[in-house]
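Hi,

Here is the structure I promised to pass on.

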Amino acid sequence: MARDAQDEARRRLSARAGDWSVDGAPARQLEQDAAWLGRLLAAAADHQQSDGQRPDVAPGDIAAALGLFEDMRLSLDRLETQVVIEARRRGMEWREIAGHQGLNSSQAASQRYQRLMTRLEEIRQGVR
């Protein structure tokens, strides 16, 4: 998806945010984790540019940050799958979904969805 289309999607959804009164816990957790990662990287960059007066980012902090990614990927996969299911339920064609995902074909969108579903099912069954 082109940067302009991404910006437009963010504007559209942010304008609607007050209309929706649902829990949104998985998305909130992703937002919080991404904010922590951003703060960690900013602190690491600040420390490299400073005279050493700022607190250092400890190796344990970096390890903790690395530990967030698998859960973040799983949450993103679940959210993407749910949105694709909703798009299909509302009559969107794979071609349309592909365009919004920045993919080149309906086949690519369908295959991506199948890969996500397979990955989520393997995780649910403890295969992964």
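A quick definition before anything else: a residue counts as buried when its relative accessible area is under 20%. Also keep in mind that this is a predicted model.

Let's start with helix α3, which covers residues 59–89. At 1.5 Å a residue, its 31 residues should span 45 Å, and the end C-alpha atoms sit 46 Å apart, which agrees. Its buried residues are Ala65, Met72, Leu74, Ser75, Asp77, Glu80, Thr81, Val84 and Ala87. After α3 comes Gly91, with a positive phi near 90°.

Glu80 is worth a click. This residue of α3 has a relative accessible area of 19%, so it falls under the 20% cut-off and is buried. Its side chain makes a polar contact of 2.8 Å with the side chain of Gln101. Setting aside neighbours within four places in sequence, Glu80 touches Gln101, Arg112 and Leu116.

In soluble globular proteins, nonpolar side chains tend to be buried together. Here the largest nonpolar core has seven residues: Val84, Ala87, Trp94, Ile97, Ala98, Ala109 and Tyr113. What does Ala98 contact, leaving aside its neighbours within four places in sequence? Leu103, Ser105, Ser106 and Ala109. Another core, of six residues, lies apart from the largest one and includes Leu30, Leu37, Leu40 and Ala65.

Cheers

Definitions and conventions:
Residues are numbered from 1 along each chain as its sequence is written. This is a predicted model: local features need pLDDT of at least 70, side-chain atom pairs count only at pLDDT 80 or more; totals for chains, interfaces and linings use all residues. Side-chain values use heavy atoms; hydrogens and water are left out. Helices (H or I, at least four residues) and strands (E, at least two) are DSSP runs, numbered from the N terminus. The expected span of a helix is 1.5 Å times one less than its number of residues. Buried means under 20% relative accessible area, exposed over 50%, partly exposed in between (1.4 Å probe, protein chains only). A nonpolar core is a set of buried Ala, Val, Leu, Ile, Met, Phe, Trp, Tyr and Cys residues joined through side-chain atoms within 4.5 Å. Contact means heavy atoms within 4.5 Å. A polar contact is a pair of N or O atoms within 3.5 Å; within protein, one must be able to donate a hydrogen and the other to accept it, and residues adjacent in sequence count only if both atoms are side-chain atoms.
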